[in-house]
Amino acid sequence: IGSGGALPKMEILDLVSNRLTGEVPTSIAEIGEGNSVIKLRDNNFSHDSSNLLPYSLCALEVFDLTTASPYCPMERNALKLIFNDAKGQDWKENDNWEDEYIHHCEYYGVTCEDTDDELVVTKLVLPDNGLSGKLSPSISGLTSLRVLELHDNDIRGEIPSEIISLTNLYMLNLCYNGFRGEIPNGFEIIAKNLLGLVIHGNRLQGTIVDLDLASELTADDSPDDWARYIADCGRPSDLVSPISCPECTICCNSRGECESRFSETQYVFLDYDDFLKNETTFLRYSTWITISFASTGLLSLIPFLIKKMCPHRQLQNVDATSFHETYRDSTYSLLLTDSPVGWILAVAVGIMQLLTYYIFYGESTLDLEDGNWYQSAWVYKLICPRDDIECKASLKLDELGWTVFGVLM
């Protein structure tokens, strides 16, 4: 058969059960474009991985084998629609995607596995590949998909609701695109199985719940584990109602700065309310500060105490007068006097200093309010760059730093 133009009035092409063999030409698809019905079932066409029926024919609704595997694999149809909606012709790499006959498992960025003697798509990985347009609802056709990584592209529009049908999915990375709108209803269906959800760098709204595997993570887990659940739930935000994700391990704001919800590590913040409620943490930090102040004070008082306890012992250049001369600018020197008023003043100053620390710390933390993280004067300590899947610390706070801070204060 030549081109469709040679048969302009054909309504039905019926070649059923004729033992036809070989390769079906793409020109037959031109007949179907005029809504002519094409029937080719029950023949002996070659249908190995290197010689499928042409996609342009399989894409026609008037073709009787359009859903017949292995002649027209459904996953290939789904991938082709994804390619078209994401403007595949403009991708940086699109090897084999536009070929009519090559098996879809050989498309750039596609990984397949053999399951029950059938190749199925398990990974679609196309980061920083120039994707634009939108994410096609036909993504639901990749029913065995486990990894979907489309980060650092320019895909816009909403995340299609059909994505919730990917119940085998365990890694979803859509960060740094142009997605906007609400998180699809029923997203918790796939959320509970996700080992990774990375969707920051978009303009999404709504609530993400039931990240069961994320909620099991603790501060004892590695930072690589924490960096698997990232969303734009930080402040400030360009949105009036930014995305809410109380179980996400890292929240980012509109400046690209990120922060973790864990404590007691160089990567994380320590919420003030949790600080007071957590007895172990409270005692730990209180002990650091107390020891720092006490050590400094005791070391300074040793010569004076020796002078008091051993009045007959001669210590060179140590007496009450010289001590008070050295520390005359310190309010705490009033504790060494015999005046009750001086004691009261010294204690009052100490209380005021503690209150100052209280206010300072309270105003420089992140807190959790109705599932949303908000910012006061806290400096975010993580950067999650668009060209790297790992978040990096931009500020390091450790026990030594806190101890030195306490001593200096």
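Buried means under 20% relative accessible area. C72 has a relative accessible area of 0%, so C72 is buried.

**Disulfides in the model**

This is a predicted model. The structure holds 5 disulfides. A disulfide is a covalent bond between the sulfur atoms of two cysteines.

| Pair | S to S | Torsion about S-S |
|---|---|---|
| C58 and C72 | 1.9 Å | about -70° |
| C233 and C251 | 1.8 Å | -95° |
| C245 and C248 | 2.0 Å | about 80° |

**C58 and C72**

The torsion of about -70° makes the disulfide of C58 and C72 left-handed. C58 lies in helix α2, residues 55–58. C72 sits in the loop between α2 and α3 (74–85). The pair therefore ties together parts that are 14 residues apart in sequence. C58 is buried, at a relative accessible area of 0%.

**C233 and C251**

The link of C233 and C251 is left-handed, with -95° about the S-S bond. This pair connects distant parts of the chain, 18 residues apart. C233 is in the loop between β13 (229–231) and β14 (250–252). C251 is in strand β14. C233 has 2% relative accessibility, so C233 counts as buried. C251 is buried, with a relative accessible area of 0%.

**C245 and C248**

Which hand does the disulfide of C245 and C248 have? The torsion is about 80°, so this disulfide is right-handed. C245 and C248 are both buried.

**One further cysteine**

C175 counts as buried, at 5% relative accessibility.

Definitions and conventions: Residues numbered from 1 in each chain as written. Predicted model: local features only at pLDDT ≥ 70, side-chain atom pairs only at ≥ 80, totals over all residues. Heavy atoms only, no water. Disulfide = S-S within 2.5 Å. Helix = DSSP H or I, 4+ residues; strand = E, 2+ residues; numbered from the N terminus. Buried < 20%, exposed > 50% of the residue type's maximum accessible area, 1.4 Å probe, protein only.
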